[in-house]
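Biologist: Could you take me through this model, starting with its pockets?

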Amino acid sequence: MAIMDIMHRIGLDSVIPLDDVKRMDKRQLFYQVLNFGMIVSSALMIWKGLMVLTGSESPIVVVLSGSMEPAFFRGDLLFLTNVEEDPIQVGDICVFKIKDREIPIVHRVIKVHQDIDGNVKFLTKGDNNQIDDRGLYSPGQMWLRRSDVIGRARGFVPYVGMVTIVMNDYPKFKYLVLAVLGLFVLIHRE
């Protein structure tokens, strides 16, 4: 009863008819929960399929800062590929991860260096930044290696990722949206 009181207080009782859930028998409710599980597992399979097709551990990323403006703005959704055989060149826009940092960085390659052993290293910089990224790298790290790269930008959709940014900035909003979507899937019979 507490959930219904909360929904009534925030005005969701008129949007989400919980009477439909009450009227469902166990079989119908089980069917709706199963449908919800199928939607979640389908989304995960699509994600894993994209990972295999693109060769990237994260085939889609959202630009979180303005460091790449005017090429990409905060909230742009980037599509990545990570083909090992394709050499990294000056001008490529790479998404890379730094050791001990959780969030990947989207910046442009400004220098490529090959050492005596044939190992390729490169330096990055945000288009909107004044200096290169050496200050962002791990202490003592002067160059990035191919192993640091998650992928290279191949396309983008402007501002679609703002939903992700809002949900990360306001976690309670994220849980509310997920709860409403979950309830909608459970009570929608078609």
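Modeller: What follows covers the pockets, then the helices, then some backbone details. Please note that this is a predicted model.

Biologist: What volume does the largest pocket have?

Modeller: The volume of the largest pocket is about 370 Å³. Its lining comprises 20 residues, and those closest to the centre are V62, L64, I103, P104 and I105.

Biologist: Which elements give two or more residues to that lining?

Modeller: Those elements are β1 (60–62), β4 (105–114) and α4 (162–169).

Biologist: And how do the lining residues of the largest pocket divide by class?

Modeller: There are 11 nonpolar, six polar and three charged residues in the lining of the largest pocket.

Biologist: What about the second largest pocket, which residues line it?

Modeller: The second largest pocket has a volume of about 170 Å³, and T164, M167, N168 and K174 line it. By class, this lining has one nonpolar, two polar and one charged residue.

Biologist: Staying with α4, at what angle do the axes of α4 and α5 cross?

Modeller: The axes of α4 and helix α5 (residues 171–187) cross at roughly 115° and come within 5 Å. The two helices, α4 and α5, are therefore roughly perpendicular to each other.

Biologist: Which residues make the contact?

Modeller: On the α4 side, the contact is made by V166, M167, N168 and D169. On the α5 side, P171, F173, K174 and V177 take part. The contact of α4 with α5 divides into five nonpolar, one polar and two charged residues. Of these contact residues, M167, N168 and K174 also line the second largest pocket.

Biologist: Changing topic, how many residues does helix α3 have?

Modeller: Helix α3 (residues 26–54) has 29 residues. From its first C-alpha to its last, α3 reaches 42 Å, close to the 42 Å expected at 1.5 Å a residue. Just after α3 comes G55, with a positive phi of about 75°.

Biologist: Which residue takes a positive phi although it is not a glycine?

Modeller: That is D100, with a phi of about 70°. D100 belongs to the loop between β3 (93–96) and β4.

Biologist: Last one: is the peptide bond from E69 to P70 cis or trans?

Modeller: The bond from E69 to P70 is cis, with omega near 10°. P70 is located in the loop between β1 and β2 (77–81).

Key: Residues numbered from 1 in each chain as written. Predicted model: local features only at pLDDT ≥ 70, side-chain atom pairs only at ≥ 80, totals over all residues. Heavy atoms only, no water. 1 Å grid on protein atoms, 1.4 Å probe; cavity = no way out; pocket = protein on both sides within 12 Å on 5 of 7 lines; lining within 4 Å. Points joined across faces, edges and corners; volume = space filled by probe spheres on them. Helix = DSSP H or I, 4+ residues; strand = E, 2+ residues; numbered from the N terminus. Nonpolar A, V, L, I, M, F, W, Y, C, P; charged D, E, K, R; others polar. Expected span 1.5 Å × (residues − 1). Axes fitted to C-alpha atoms, helices over the stretch in contact; angles between N-to-C directions. Parallel < 35°, antiparallel > 145°, perpendicular 65-115°, else oblique. Contact = heavy atoms within 4.5 Å.
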